[in-house]
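Here's a quick tour of one protein model, written for someone who likes cut-offs spelled out. Have a look at the structure first, then read on.

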Amino acid sequence: MRPFHICIFLNGCFEEWNFSLSVFDKEFTHCNLNQDEKRIDLLIFVDGGTKYFFKNEKKIHSVKTLWVGDEDSLETDCKNKVQNIAHEWVKLSPNKDFSDFAKALDVLKERFFDQNLFLEIYGGLGYRRSHEMANIQEVKQFIETRPGKTLCLFHKGLMITNTKIEYHGKEREHLTIFAQKPLQITGCLYSGFFTLERPSHGLSNKISSSPAIINPEEGVVTIYIEENLNELMKDKPYEQ
């Protein structure tokens, strides 16, 4: 079944990640939104993340557009622009015990409970580590509490999923895999059927034959792609 493709703009550090992967029997490729047009099913602006879309004049064409937030980080000029294109506006009270992103995920859970989803998130990482971790944990809970299959891709270089993916990366590109349930790995230095019994078991794998295939038997798997790790480690020869 074709997944529902959703782009979400958050208020973290804006970085783009060029990737090529196959999931749900469909290939997805990203190469610089300022040059290539992207057609998606739903575009979600989460409060201050709105500014990244308009600042970079993103070429995203969406069937529907949703804004969610409490307006505590929404700039006036962005508010005026997004009101012109948003099909729906979900205004939250600033006196709440959850994040704006959490509410956006709640909306998705209500509307697409058992549907396959591909969530592509911009600005979900970086800046405040507490917010970054909250975003990651909210996604994991979202995936774990609905029956539909989900791939959540954070720009730059993090995927969280409960379904099989094929990542078309470069040979010897590093990736790290965290999972609490058994999974099958193919096309990597450490391939086979694994139960990663402790967190450090999944560190520093490498692609040996693209695509790298990660297939969780059950539960949720977290995959960090570290494109430039070889450059970073030139002066640090130790590798776990």
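Which residues in α3 meet which residues in α4?

## The α3/α4 pair

On the α3 side they are Phe101, Ala102, Leu105, Leu108 and Lys109, and they meet Asn135, Glu138, Val139 and Phe142 in α4. Contact here means heavy atoms within 4.5 Å. Helices (H or I, at least four residues) and strands (E, at least two) are DSSP runs, numbered from the N terminus.

Before going further, some housekeeping: this is a predicted model, where local features need pLDDT of at least 70 and side-chain atom pairs count only at pLDDT 80 or more, while totals for chains, interfaces and linings use all residues. Residues are numbered from 1 along each chain as its sequence is written, and side-chain values use heavy atoms, with hydrogens and water left out.

Back to the helices: α3 and α4 pack at an angle of about 15°, and their axes are 10 Å apart. Axes are lines fitted to C-alpha atoms, for helices over the stretch in contact, and angles run from 0 to 180 degrees between N-to-C directions. The two helices are therefore roughly parallel to each other, since angles under 35 degrees count as roughly parallel, over 145 as roughly antiparallel, 65 to 115 as roughly perpendicular and the rest as oblique.

## Two nonpolar cores

A nonpolar core is a set of buried Ala, Val, Leu, Ile, Met, Phe, Trp, Tyr and Cys residues joined through side-chain atoms within 4.5 Å. Buried means under 20% relative accessible area, exposed over 50%, and partly exposed in between (1.4 Å probe, protein chains only). The largest core has 30 residues, and Ile6, Ile8, Ile44, Leu108 and Val139 have the most contacts inside it. Elements supplying at least two residues each include β1 (4–9), β4 (38–46), α3 (100–111) and α4 (129–144). α3 gives the most, with 5 residues.

Take Ile6: leaving aside residues up to four places away in sequence, Ile6 touches Leu42, Ile44, Leu108, Leu117, Phe118, Leu119 and Glu120. There's also a second, separate core of 25 residues, with Trp17, Phe24, Ala212 and Val221 among them.

## The sheet

Ten strands make up an open sheet with mixed pairing, in the order β6-β5-β4-β1-β7-β8-β9-β16-β11-β14. β6 (88–91) and β14 (205–206) are at the edges with a single partner strand each, so one side of each has no neighbour in the sheet. Two strands pair if DSSP finds at least two bridges between them. β1 and β4 pair in the parallel sense over 4 bridges, and the bridge partner of Ile8 in β4 is Ile44.

Leu151 sits in strand β8 and is buried, at a relative accessible area of 0%. Not counting residues up to four places away in sequence, Leu151 touches a list of residues including Leu21, Val23, Phe24, Met159 and Ile165.

Two cis peptide bonds are worth a look. One joins His155 and Lys156, with omega about 20°, and Lys156 is in the loop between β8 and β9. Another joins Ser210 and Pro211, with omega about 5°; Pro211 lies in the loop between β14 and β15 (212–216).

Glu71 has phi near 70°, lies in the loop between β5 and α2 (76–85), and counts as partly exposed at 24% relative accessibility. Ser204 has phi of about 55°, is placed in the loop between β13 (192–194) and β14, and counts as buried at 15%.
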